[in-house]
Amino acid sequence: MKAVHLLAGAALALTSAWVAAQDSPESLLPKMFDEPAPAPSRSAAPRPQPSRPAASQAPRPAASAAAATAPRPTATSTPVVQALPTGTPSATPTTLAQDDGTLRRIPSLEELERMSPEDFESLLGSKVLIDMPPASRRSAEEAGLLDAEEGGLPMDSLRPQNGALIRTVLNGNRGQLVSRWGHILLRRALASRLNPPQGMNAADFLAMRVGLLLRMGETDAARAVLQDLDIADYTPAFGQVAFDVYARNADFTGLCPVMATQGSLRDDAAWNTSRTICEAFRGNSTAAISKLERDRVRGKMDQIDLLLAQKYAGAAGKTRRAVTIEWDKVTTMTPWRYGLAIGTGLEPPTSLMKTAGPSYDAITALAPMVGLARRAAAADTAAATGVLSNAAMVDLYAQVFADPGVTGEWQDRAESLRDAYVQEDPAARLAAMKSLWNVNGPTAYARQVLTAAAAARMAPSADLAADAPALIASMLSAGYDANALRWSGVVEAGSRAWGMLVLAAPGRVNAVDGGALNTYADDDDSPAKRRSAFLAAGLAALGRADRGAAERLAAESGMSMTGETRWTRAIESAAGRGDQVSVAMLAAFGMQGDSWQRMTPRYLFHIVSALREVGLDAEARMIAAEAVARA
């Protein structure tokens, strides 16, 4: 291990950050809108945690569905560097290395501070080695964030699996899923500590997982998973992934430890420009900016890319060179350009971002350096897909509410959300929620995610039965199944709200009456009665309706639950072995698309059935209920 590996690892750990989303139970108390409380003392009582859904009014879909992105605990101890004896002359890189290339000792912080960039470059070039205790190394065979005890999926689940199948499932998934709960489950699977399947390199396996997280818009999760692999274990495939991760996080200095120790992984213009940016942040900003300007004149990259790089590198030193960014001739947006832009406080033109695609909304929603109004505008897409949780959305709007600099529609929405919590009259709280729901398309579901905890505080009432479907859909979008089930005595059998409740109920449920199913189908106003077909498929998969009756109802809707494909055989085989990870990945592979119109009753049946068979009952119920809510 190179000496600089230790230094790079320390820098990487200090810069690591990850915002978790939609994987923990939500508190029903809107603390975000309270007046600021006095700072608690060190002896303050720990924050209470909600209970499981079966025994609480603030439920969680299940421990397995909710604990998806808790970061892996890290050691808090700090390595101590032995101080130099008094009177020892300052060391240079040549005095630190022995003839065999090993270090005489680790340089002190004072020595590092006195080194010029050339001295440090000389130290890097000496290829000195130190021994790292085996306990300090991380196994690439177990890379990931979540142990099974922390809510992750079983580590050895994929070990006997065919590596070619997993490669196809990971690389073939474009990252856009019709189901929010399917997205949450896939994120949990990808973030788990997993052994690679047979015949697959461990680093390449992790690179595929990180790449899929990026395609899903999970930039924070992707960076956290990537940083669980020691830089010394990076493969060429990991070079591209690492570059993409830090570009999408607008964290180009995060690449610097990689450049210092694995700079030869790639040799292209973007990679080399990033290396030059790192040179600036290592104290040689003047030379770095001059090199970037020479590359711009020579046309090594597009003008906009190298100008943005100069602006980013200029923040490293005392150089006060003005860099003017003009977007007039820019016709396309790339993660590199967007990361450099938001990293330097710039806002690309709205016209350019409109054609950039929804993936940039996830980047924007998670970027702490972006203004609140821009993050709120992007949050709807991020919440509908599963990147942002109900709690994260409420936190964001609470910041909007508290910021006097944010006005207009965003402040109005923040005030409506506050009213949904604090108004004394239930009708007034419902009216505030309905004002937020009054939108079309995927945004409508995102607003139901936003109001989920407020909806869960509504007491069941026959006077509100007409609004029960929207309230229940809102609750279930964040996993408040126990609160939703309180409405069972209010809604009528065969109604739209009833359909979601019979799918979301935990535990053993009696078979659904055929008459109620027929009533539901008769009143179904969805295109081609798709909602009825999804209800029938979900009930059959959960063992709550006869499969033959469900197939007949699906057939009446013009769709079929019968038939077999390679995918159905693969997910059934994985479920039969109890392979939770393969089932989660195959389920996500089968849920690709931009809307529930892409889903079929047959695929929904196999997904829900397989999840239930391997013990992921909560995810199975939530996905089935979501299908009916969003059909």
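Student: At what angle do helix α6 and helix α31 pack?

Tutor: First, a word on the source: this is a predicted model, where local features need pLDDT of at least 70, side-chain atom pairs count only at pLDDT 80 or more, and totals for chains, interfaces and linings use all residues. Residues are numbered from 1 along each chain as its sequence is written, and side-chain values use heavy atoms, leaving out hydrogens and water. Now, angles run from 0 to 180 degrees between N-to-C directions, with axes fitted to C-alpha atoms over the stretch in contact. Helices are DSSP runs (H or I, at least four residues), numbered from the N terminus. Here α6 (residues 163–171) and α31 (residues 580–590) pack at about 40 degrees, their axes 9 Å apart.

Student: Which residues of α6 and α31 make the contact?

Tutor: Contact means heavy atoms within 4.5 Å. From α6 come Ile166, Thr168, Val169 and Leu170; from α31, Ser582, Met585, Leu586 and Phe589.

Student: Is Met216 buried or exposed?

Tutor: Buried means under 20% relative accessible area, exposed over 50%, and partly exposed in between (1.4 Å probe, protein chains only). Met216 has 5%, so it is buried. This residue lies in the loop between α8 (202–215) and α9 (219–226).

Student: How many aromatic pairs does a search of the whole structure find?

Tutor: Rings of Phe, Tyr and Trp (its six-membered ring) pair if their centres lie within 6.5 Å; planes under 30 degrees apart are stacked, over 60 edge-to-face, and the rest tilted. The search finds ten. In one, Phe252 and Trp336 have centres 5.4 Å apart and planes at 80 degrees, so this pair is edge-to-face. Both residues, Phe252 and Trp336, are buried.

Technical notes
Helices (H or I, at least four residues) and strands (E, at least two) are DSSP runs, numbered from the N terminus.
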